[in-house]
Amino acid sequence: QVQLVESGGGLVQSGGSLRLSCTASGSIITVYDMGWYRQPPGKQRELVATITNGGRTNYTDSTKGRFTMSRDNAKNTVHLEMNNLKPDDTAVYYCSAWVLGQDYFYTDHWGQGTQVTVSS
């Protein structure tokens with residue numbers, strides 16, 4: 001079994017910063033691509049950023065230049081550094097990971113989500 005646990009959400013004023021973290025644990029052989037997604041109130045879940053296990057990142061246009069995703073492969077952990085936050089960034093942020101488990105199945109997993117609220 002694989003678990004993803006996010007941390008670091010909270011309430012911040014517009015223009016402020018937050019750092020989210022997500023750690024994968026459990027019956028893992030290798031963690032491949034990891035991603036951050038978010039679901040704003042009343043809207044569908046959307047992609048924020050992704051990172052390969054080689055460190056290559058991809059960002060959506062709305063977060064490019066403000067958000068930075070990084071990972072520590074030894075700890076199966078990713079971080080999302082969010083700067084110059086805007087009220088439109090308010091959402092529940094979810095971590096995802098594609099994992100080769102010890103059962104030799106390659107499957108995607110999701111965390112429980114962490115709330116980010118940006119006040120104007």
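This is a predicted model: local features need pLDDT of at least 70, side-chain atom pairs count only at pLDDT 80 or more; totals for chains, interfaces and linings use all residues.

Me: What do Cys22 and Cys95 form?

Reply: They form a disulfide, and their sulfur atoms are 2.1 Å apart. The disulfide count comes to 1.

Me: Which strands do the two cysteines lie in?

Reply: Cys22 lies in strand E3, while Cys95 lies in strand E9, residues 91-101. The pair therefore ties together parts that are 73 residues apart in sequence.

Me: What about the handedness of that link?

Reply: The link of Cys22 and Cys95 is left-handed, with -80 degrees about the S-S bond.

Me: Changing topic to the strands. How many bridges join E1 to E3?

Reply: There are 6 bridges between strand E1 (residues 2-7) and strand E3 (residues 18-26). E1 and E3 run antiparallel.

Me: Which residue in E3 is the bridge partner of Ser7?

Reply: Ser21 is the partner of Ser7 there.

Me: Now E3 and E8. How many bridges join them, and which way do they run?

Reply: E3 and strand E8 (residues 77-82) are joined by 6 bridges and run antiparallel.

Me: Where do side chains go in a regular strand?

Reply: As a general rule, they alternate between the two faces of the sheet.

Conventions:
Residues are numbered from 1 along each chain as its sequence is written. Side-chain values use heavy atoms; hydrogens and water are left out. Two strands pair if DSSP finds at least two bridges between them. Helices (H or I, at least four residues) and strands (E, at least two) are DSSP runs, numbered from the N terminus. A disulfide is a pair of cysteine sulfur atoms within 2.5 Å.
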